[in-house]
Protein chains: 2
Amino acid sequence: MTEPGLPLLGSEARVGSGGPDAAPSADRTPGASISAGSDAPTAAQFGAQVGARIRRLRTERGISLTDLARRAGLGKGTLSELETGQRNPTLETLYALTNPLGVGLASLLTSWRPAGHAHGVSVQGEAAGAYLLDVLEDTETGSITEVYRLTVAAGPAYVSGSHGPDVTERLTLISGFAAVGRIGRLQEIGPGQSAEWISDSEHSYQVLSGTVVGILLITHPRR
Amino acid sequence: MTEPGLPLLGSEARVGSGGPDAAPSADRTPGASISAGSDAPTAAQFGAQVGARIRRLRTERGISLTDLARRAGLGKGTLSELETGQRNPTLETLYALTNPLGVGLASLLTSWRPAGHAHGVSVQGEAAGAYLLDVLEDTETGSITEVYRLTVAAGPAYVSGSHGPDVTERLTLISGFAAVGRIGRLQEIGPGQSAEWISDSEHSYQVLSGTVVGILLITHPRR
DNA sequence: CCTAGATGTTCTGTTAACAGAACAGACGAT
DNA sequence: ATCGTCTGTTCTGTTAACAGAACATCTAGG
């Protein structure tokens with residue numbers, strides 16, 4: 001601690017105005033995270049994010065604050081101030097919320113930012129986009145693989161242009177159902193399933209149902 | 001809260017005696033769960049797990065308790081009692097540890113083993129092992145997928161024990177050649193290729209040539 | 001208008017998480 | 001043996017997270 005300005009939410013640690021979660025840049029390229037991160041959110045900001053996320057999860061499920069507090073065995077005031085980012089919750093408190101909300105701790109704490117767009121997968125509507133997790137290089141073959149967490153919102157298919165014959169994409173779904181791949185040769189996949197294609201022609205990502213989240217690997221030769 | 005016996009670690013919330021990670025009930029292994037009533041760990045057990053995990057991450061990195069406390073801006077006593085499971089840490093406290101340890105919050109809190117060694121893939125030499133990139137949750141099915149960057153050094157095969165029938169692993173290689181999967185049904189893969197197996201029996205990772213780097217997805221039910 | 005029954009926020013006293021000091025062991029060096 | 005420096009644990013006073021009550025705010029329904 002030590003840090004002076006900590007009284008969680010000193011002034012404006014606002015979180016989500018319009019965007020679903022609106023998180024800053026927490027863990028860029030994790031591999032390089034030793035860097036005395038200057039762009040990592042402060043503890044206060046992070047706390048406010050977590051609070052906002054809890055409130056969102058609660059309202060999505062249509063349960064009232066009072067009710068959630070009761071189910072989790074928390075005081076109303078505790079939950080209220082937690083959701084508004086005025087409290088620095090205890091692990092026990094967070095843990096108590098996971099069951100009533102039906103999510104794991106990871107969902108409460110990982111910033112789920114729709115990162116705008118990485119690599120041309122543009123944001124469509126809200127809560128869609130790709131977040132770059134890592135970049136790996138095969139020093140022998142010289143190929144580079146980018147690892148993204150891909151989120152696609154329901155709606156019209158996103159169509160991506162050709163990236164050339166040397167670019168391979170592999171998508172493994174975590175949740176939802178989607179039809180992905182080269183146009184004319186779409187592959188339908190669900191949670192736990194994968195699709196793979198070469199991006200030498202137009203390809204698309206189309207949500208069939210649910211919220212589509214997956215891990216996308218894009219491999220291409222070194223530039 | 002409400003629950004009376006909460007003063008974290010009332011008496012015996014012991015976590016790990018000897019094993020590599022000393023994972024308690026949380027991880028499947030059907031027969032072995034301590035489970036009093038439900039099989040979800042209590043808040044106290046969970047806190048003790050988190051503490052043990054922090055201590056392991058710290059010692060793996062060869063930093064002393066005093067040093068880590070200083071780097072994280074925490075009091076020594078705080079960290080000591082946290083690691084021994086006698087405290088119920090604050091989100092802010094946990095967050096302060098992520099940067100000095102070079103891991104994300106998810107690594108501290110997910111009951112799976114985080115960076116260092118994922119899954120019995122023990123660290124050998126330096127720069128070998130698995131780095132946790134992300135944790136994704138399918139809120140519908142409740143399954144959790146952890147995304148690792150896996151690095152395996154040449155040498156004897158790493159053998160990992162069974163993780164139960166609910167755990168699926170998917171490895172996509174970026175570089176190198178390896179034989180992976182369940183023992184007796186090893187699959188040989190190279191850059192750009194994938195292997196998938198269910199971890200209900202012993203499985204191994206064996207480098208055939210080159211430096212093996214890949215993306216490993218581990219999917220298991222919540223908690 | 002006034003209740004009745006929700007909602008979420010602010011207040012109040014208790015309890016425990018916190019920083020840091022004091023402490024206890026273990027090891028090396030002189 | 002007696003420092004000196006490291007380790008991690010236990011102690012002490014302060015601050016804040018907590019439960020729950022009191023308080024607001026809103027929307028019916030009569």
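Is Pro156(A) buried or exposed, given its C-beta neighbours inside 10 Å?

## Pro156 of chain A

This is a predicted model. In it, Pro156(A) counts as exposed, because 11 C-beta neighbours lie inside 10 Å and the cut-off for exposed is 12 or fewer. Pro156(A) sits in a loop of chain A, between strand E2 (143-152) and strand E3 (158-160).

Val207(A) is 51 residues away in sequence. In space, the two C-alpha atoms are 8.0 Å apart.

## Chain A as a whole

Chain A holds five helices and seven strands. Their order from the N terminus is α-α-α-α-α-β-β-β-β-β-β-β. Chain A has 223 residues, and 42% of them count as buried.

Contacts in chain A can also be sorted by separation in sequence. Take those between residues at least 6 apart: 62% of them join residues at least 24 apart.

## Helix H1 of chain A

Helix H1 of chain A covers residues 43-60.

H1(A) is mostly covered, with 14 of its 18 residues buried. After this helix comes Gly62(A). The phi of Gly62(A) is positive, near 70 degrees.

## Helix packing in chain A

Two packed helices are described by the angle between their axes and the distance between the axes. Helix H2 (residues 65-72) and helix H3 (residues 76-83) of chain A cross at roughly 115 degrees, and their axes come within 9 Å. The crossing of H2(A) past H3(A) is right-handed. From H2(A), the contact uses Leu65(A), Thr66(A), Leu68(A) and Ala69(A). From H3(A), it uses Lys76(A), Leu79(A) and Ser80(A). By class, these residues of the H2(A) and H3(A) contact are four nonpolar, two polar and one charged.

H2(A) also packs on helix H4 (residues 91-101) of chain A. Here the axes come within 8 Å and cross at roughly 110 degrees. H2(A) is therefore roughly perpendicular to H4(A). Leu68(A), Arg71(A) and Ala72(A) of H2(A) meet Ala96(A), Leu97(A) and Pro100(A) of H4(A). This contact of H2(A) with H4(A) has five nonpolar residues, no polar ones and one charged.

## Helix packing in chain B

Which helix of chain B packs with H4(B) at an angle of about 110 degrees? Helix H2 (residues 65-72) of chain B does, with the two axes 8 Å apart. H2(B) and H4(B) are therefore roughly perpendicular to each other. H2(B) gives Leu68(B), Arg71(B) and Ala72(B) to the contact. H4(B) gives Ala96(B), Leu97(B) and Pro100(B). The classes in this H2(B) and H4(B) contact are five nonpolar, no polar and one charged.

H4(B) itself is mostly covered: ten of its eleven residues are buried. Among them are Leu91(B), Glu92(B), Thr93(B), Leu94(B) and Tyr95(B). Ala96(B), Leu97(B) and Pro100(B) are buried too, and these residues also make the contact with H2(B). Just after H4(B), Gly102(B) has a positive phi of about 70 degrees.

## Gly75 of chain B

Gly75(B) lies in the loop between H2 and helix H3 (76-83) of chain B. Gly75(B) is partly exposed, because 14 other C-beta atoms lie within 10 Å.

## Where the chains meet

How many residues of chain B are in contact with chain A? The count is 52 residues of chain B, in contact with 53 residues of chain A.

On the chain B side, several elements give two or more residues each. The helices are H1 (43-60), H4 (91-101) and H5 (105-109). The strands are E1 (129-137), E2 (143-152), E4 (168-182) and E7 (203-221). By class, the side of chain B that touches chain A has 24 nonpolar, 18 polar and ten charged residues.

How values were computed:
Residues are numbered from 1 along each chain as its sequence is written. Chains are lettered from A and ligands numbered from 1 in the order in which they are written. This is a predicted model: local features need pLDDT of at least 70, side-chain atom pairs count only at pLDDT 80 or more; totals for chains, interfaces and linings use all residues. Helices (H or I, at least four residues) and strands (E, at least two) are DSSP runs, numbered from the N terminus. The expected span of a helix is 1.5 Å times one less than its number of residues. A residue is buried if 20 or more other C-beta atoms lie within 10 Å of its own, exposed if 12 or fewer, and partly exposed in between; C-beta atoms are placed from the backbone. Axes are lines fitted to C-alpha atoms, for helices over the stretch in contact, and angles run from 0 to 180 degrees between N-to-C directions. A crossing is left-handed if the near helix is turned anticlockwise from the far one by less than a right angle, and right-handed if clockwise. Two residues are in contact if their C-beta atoms, placed from the backbone, lie within 7 Å. Ala, Val, Leu, Ile, Met, Phe, Trp, Tyr, Cys and Pro count as nonpolar, Asp, Glu, Lys and Arg as charged, and the others, Gly among them, as polar. Angles under 35 degrees count as roughly parallel, over 145 as roughly antiparallel, 65 to 115 as roughly perpendicular and the rest as oblique.
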